[in-house]
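Look through the sequence and the coordinates before reading on.

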Amino acid sequence: MDPITGVPTPLITELAGNTILPVQPVLGLNPNAYSWPMSIVMPWFFYNGPTGVQFFDVLYGLNPWPPPSFLDAAGAPIPITLPLLYSLSPLPDLKETQYIFELANLTYLLGFGDILGIQPASLLTFADIWGTPIFFAGGIP
Amino acid sequence: MFRKRKFLFLSLFILIIFISMAIIGVIKHSTTEAQYWALMPPYNVLWPLWSGILSPINPITGLATPLVTELTAATMLPIQPCLAWDPCQPLPWALYNAPPLFGGGLTFFDEVYGLHPWPPPYLQDPLTGAPAPITFLGTWSLIDATDVGHIEYLIPLANATFALTYGIRGQPFLDLLTAAQIFGLPPILPF
């Protein structure tokens with residue numbers, strides 16, 4: 001939350017291949033993903049890799065950011081075509097996405113943890129990102 | 001007399017036509033519907049013909065052909081994970097070769113039971129250890145291909161379990177097949 005404006009403000013101003021993430025993973029959502037074959041839109045998880053940002057997709061695994069199809073022949077970005085009123089899109093269902101956090105972090109640690117000296121405890125958890133209370137008695141809301 | 005014989009010939013002719021059509025129908029049905037799975041000896045688990053990377057098209061026959069001809073404890077997989085399925089189980093198994101340091105044998109990951117040496121105990125005769133193949137009451141060839149939406153977590157979970165079990169890190173881990181590769185999904189697009 002920006003203390004001056006009182007508005008949630010992203011930690012970074014852009015997400016390019018050479019962006020340095022201050023914490024990880026950070027999340028991004030492609031609202032167009034998985035209209036087929038999955039009905040649930042899963043977020044992407046972004047990490048610092050040895051040569052730039054890496055992103056984890058539950059089906060495609062861990063790959064350099066951005067996907068090749070997001071760049072034109074000259075290497076310029078091809079932005080995602082967002083649906084109208086994309087900012088009003090509902091949040092991903094928490095219960096549908098809770099396992100993907102552990103899978104994304106595990107995959108990152110196994111892929112780059114040794115080479116980058118990443119401590120598992122340094123990675124944000126599901127609770128960190130969603131801001132769920134510690135051991136919320138009623139389970140995940 | 002002549003009319004009766006003509007009627008018999010005509011009836012026989014129609015009968016032969018019907019039988020031929022039925023036989024052709026059965027053959028055509030089995031060849032078109034059998035495209036999703038192949039029976040893999042010696043345990044009769046199902047191998048996914050629907051996966052282009054696990055069952056590439058044979059350039060001579062034009063047919064999807066499994067990468068291996070059998071699945072035993074000594075089978076060497078050319079790529080991993082591979083998939084095999086007993087339709088009595090909710091999800092397919094992910095198959096790997098243990099690293100040579102650990103004997104190199106075939107292992108399988110089951111979402112409920114974890115990672116174990118191949119084969120599952122129930123597919124072996126408890127006394128002799130000989131294969132106790134799956135028997136199919138129905139037509140296995142009519143079983144649909146696995147829906148990627150049912151196993152979106154299985155592949156990354158299986159890969160991570162395999163890597164953690166055998167100390168596989170870095171590029172060898174990143175080289176394990178993803179669900180997208182196994183299912184032959186198109187590249188991620190910005191629209």
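Which residue follows helix 2 of chain B, and is its phi positive or negative? Gly167(B) follows that helix, and its phi is positive, near 65°. The model is predicted.

## Chain B in outline

Chain B holds four helices and six strands. From the N terminus on, the order is α-β-β-β-β-β-β-α-α-α. The chain has 191 residues, and 25% of them are buried.

Take the contacts in chain B with a separation of 6 or more. Of these, 55% link residues 24 or more positions apart.

## Helix 2 of chain B

This helix has 13 residues. From first C-alpha to last, helix 2 of chain B reaches 18 Å. That is close to the 18 Å expected at 1.5 Å a residue.

Its buried residues are Leu154(B), Ile155(B), Pro156(B), Ala158(B), Asn159(B), Ala160(B), Phe162(B) and Ala163(B).

## Where the chains meet

The contact draws 26 residues from chain A and 22 residues from chain B. On the chain B side, the elements giving two or more residues are helix 2 (154-166), helix 3 (171-174) and helix 4 (179-183). Helix 2 of chain B gives the most, with four residues.

By type, the chain B side splits into 16 nonpolar, three polar and three charged residues.

## The nonpolar core

The largest nonpolar core counts 54 residues. Leu83(B), Ala84(B), Ala94(B) and Leu95(B) have the most contacts inside this core. Yet the element that gives the most to the core is helix 1 (residues 94-116) of chain A, with nine residues.

Ala84(B) deserves a look. Leave out residues up to four places away in sequence, and Ala84(B) touches Met40(B), Val45(B), Leu46(B), Trp47(B), Leu71(B), Pro92(B), Trp93(B) and Leu95(B).

In chain A, four strands form an open sheet in the order 1-2-3-4, with antiparallel pairing. Why do strand 1 (26-28) and strand 4 (61-64) of chain A each have one side without a neighbour in the sheet? Both stand at the edges with a single partner strand, so one side of each is left without a neighbour. Neighbouring strands of this sheet are turned by 35° against each other on average, direction ignored.

Strand 3 (residues 52-57) of chain A runs antiparallel to strand 4 of chain A, and four bridges join the two. One residue pair to find is Gln54(A) with its bridge partner in strand 4 of chain A, Pro64(A).

Terms used: Residues numbered from 1 in each chain as written. Chains lettered and ligands numbered in written order. Predicted model: local features only at pLDDT ≥ 70, side-chain atom pairs only at ≥ 80, totals over all residues. Contact = placed C-beta atoms within 7 Å. Nonpolar A, V, L, I, M, F, W, Y, C, P; charged D, E, K, R; others polar. Core = buried A, V, L, I, M, F, W, Y, C linked by C-beta atoms within 7 Å. Buried ≥ 20, exposed ≤ 12 C-beta atoms within 10 Å, placed from the backbone. Expected span 1.5 Å × (residues − 1). Pairing = 2+ DSSP bridges. Axes fitted to C-alpha atoms, helices over the stretch in contact; angles between N-to-C directions.
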